[in-house]
Amino acid sequence: QVQLVESGGGLVQAGGSLRLSCAASERTFSNYAAGWFRRAPGKEREFVAGITWNGGDTNYADAVKGRFTISRDNGKNTVYLRMNSLKPEDTAVYSCAVASGRYYVGPRLNEYKYWGQGTQVTVSS
């Protein structure tokens, strides 16, 4: 059982930046792809970004492409989400997840087997 703990959320003005971190409890984290998702109030959870086990490939939702960057440091069992040019519509609870395999970087929720509790990101206009 891999436990995931997110951090780095907060309140930021539009146009600002944040970096989210997701720390995993097990070294086996490095063997699996990972992703970031978000859920805004009253909306479904949506895919934000995904990264393969070794960081060799990434994938982004159209809404964040060019503004967000996903990365990982397997030596620290951590995956990151750098968010630039934030907009009020980015306001949501952001959660990280670990996939069942090494290469899946897509949006299907059932491909991810471990989830963190989430961290709140609020972007003011």
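1. Contact, as used throughout this note, means heavy atoms within 4.5 Å. With that cut-off, and leaving aside neighbours within four places in sequence, Met83 is in contact with Gly16, Ser17, Leu18, Leu20, Arg67, Phe68, Tyr94 and Val121.

2. On provenance, this is a predicted model, in which local features need pLDDT of at least 70 and side-chain atom pairs count only at pLDDT 80 or more, while totals for chains, interfaces and linings use all residues. Residues are numbered from 1 along each chain as its sequence is written, and side-chain values use heavy atoms, with hydrogens and water left out.

3. The secondary structure comes to zero helices and 11 strands, where helices (H or I, at least four residues) and strands (E, at least two) are DSSP runs numbered from the N terminus. The radius of gyration is 13 Å, close to the 14 Å that the globule rule gives for 125 residues, so the protein is as compact as a globular protein of that length; the radius is taken over C-alpha atoms, and the rule is 2.2 Å times the number of residues to the power 0.38. Along its principal axes the C-alpha trace spans about 40 × 25 × 25 Å.

4. Two totals describe the protein further. Buried residues make up 46% of the 125 residues, with buried meaning under 20% relative accessible area, exposed over 50% and partly exposed in between (1.4 Å probe, protein chains only). Among contacts between residues at least 6 apart in sequence, 59% join residues at least 24 apart.

5. The largest nonpolar core has 37 residues, and those with the most contacts inside it are Trp36, Val79, Leu81, Met83 and Tyr94. Such a core is a set of buried Ala, Val, Leu, Ile, Met, Phe, Trp, Tyr and Cys residues joined through side-chain atoms within 4.5 Å. Strands that each supply at least two residues of this core include E4 (34–39), E5 (46–51), E10 (112–115) and E11 (119–124), while its largest share, six residues, comes from E9. In soluble globular proteins, nonpolar side chains tend to be buried together.

6. An open sheet of four strands has the order E1-E3-E8-E7, with antiparallel pairing; two strands are taken to pair if DSSP finds at least two bridges between them. The edge strands are E1 (4–7) and E7, each of which pairs on one side only. From one strand to the next the twist averages 15°, with axes being lines fitted to C-alpha atoms (for helices over the stretch in contact) and angles running from 0 to 180 degrees between N-to-C directions.

7. Within this sheet, four bridges join E1 to E3, and Glu6 stands opposite Cys22 in E3. Six bridges join E3 to E8; Ser21 has Tyr80 as its bridge partner in E8, and Arg19 has Arg82. Both strands are mostly covered, with five of the seven residues of E3 buried and five of the six residues of E8 buried.

8. E7 and E8 pair in the antiparallel sense over six bridges, Asp73 having Thr78 as its bridge partner in E8. The two strands form a hairpin with four residues between them, and Asn77 in the turn has a positive phi of about 50°.

9. Which cysteines does the disulfide join? The structure holds one disulfide, defined as a pair of cysteine sulfur atoms within 2.5 Å, and it joins Cys22 to Cys96 with an S to S distance of 1.9 Å. The pair links distant parts of the chain, Cys22 in E3 (residues 18–24) and Cys96 in E9 (residues 92–99), 74 residues apart. With 55° about the S-S bond, the link is right-handed. Cys22 is buried, with a relative accessible area of 1%, and Cys96 is buried as well, at 0%.

10. A last point concerns Glu26, which lies in the loop between E3 and E4 and is partly exposed, with a relative accessible area of 36%. Not counting residues up to four places away in sequence, Glu26 touches Gln1, Val2 and Asn77. Glu26 and Ala61 are 35 residues apart in sequence and 27 Å apart in space, C-alpha to C-alpha.
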